[in-house]
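Hi,

Here is the structure we discussed. My notes follow below it.

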Amino acid sequence: MSVLAASRRAQVARGVVFVHACARAVCPHVEWTLTELLGSRVTLDWTPQPVLRGAARAELSWTGEAGLGSSIASALRAFPDVRFEVTEEPTAGRDGERYAFTPSLGLFRSTVGVHGDLLVNEDRLRSALSSGAGLADEIARLLGTPWDTELEPFRYAGDGVPVRWLHQVG
């Protein structure tokens, strides 16, 4: 295979979709959206979300073309009351990504390096330095701290929530 043909071949990426809170009536719509994006039928194992009455939670490990995490986050953002996170693991020559969404904060995106560290580019750091807000607050925002703070109660795995096994450790 030529170098050009190899570079055109789509890279396969893996990731996880965490739907932390979704109204029961919206759950089928989330599944239909994921089915369309992933190209195969998606049926999620919805469990009650104890933090928000009438809400459900689910998660899905996915495999697809590199960059699919961005498409998933964009599509789920169309449901303004759904709280979610989407991760995409790094692939050869491409950093990973993490997206988090809450109704009050909107969408957060970060680049994730091969060792799991969040990477903040220099333009974003320069912008933080030149903003009128406090530097510590700006850095916290660049790292997604407000989203983590708001989503943490929803992440808690209560009774009956399935355990998620890691793909790779070490």
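In strand 6, which residue is the bridge partner of Arg98? It is Ser110. Helices (H or I, at least four residues) and strands (E, at least two) are DSSP runs, numbered from the N terminus.

This is a predicted model: local features need pLDDT of at least 70, side-chain atom pairs count only at pLDDT 80 or more, and totals for chains, interfaces and linings use all residues. Residues are numbered from 1 along each chain as its sequence is written, and side-chain values use heavy atoms, with hydrogens and water left out.

Strand 5 first. Seven bridges join strand 5 to strand 6, and the two run antiparallel. They form a hairpin with three residues between them. Strand 5 also pairs with strand 4, antiparallel, over five bridges (pairing needs at least two DSSP bridges). There, Phe84 stands opposite Phe101 of strand 5. Seven of the seven residues in strand 5 are buried (under 20% relative accessible area, 1.4 Å probe, protein chains only). Gly96, Arg98, Ala100 and Thr102 point one way; Glu97, Tyr99 and Phe101 point the other.

Next, Thr111. Thr111 sits in strand 6 (residues 106-112). Its relative accessibility is 17%, so Thr111 counts as buried. Its side chain makes a polar contact of 3.1 Å with that of Arg109 (N or O atoms within 3.5 Å, one able to donate a hydrogen and the other to accept it; residues adjacent in sequence count only if both atoms are side-chain atoms). Beyond four places in sequence, Thr111 is in contact (heavy atoms within 4.5 Å) with residues including Asp95, Gly96 and Leu119.

Best wishes

Notes:
Buried < 20%, exposed > 50% of the residue type's maximum accessible area, 1.4 Å probe, protein only.
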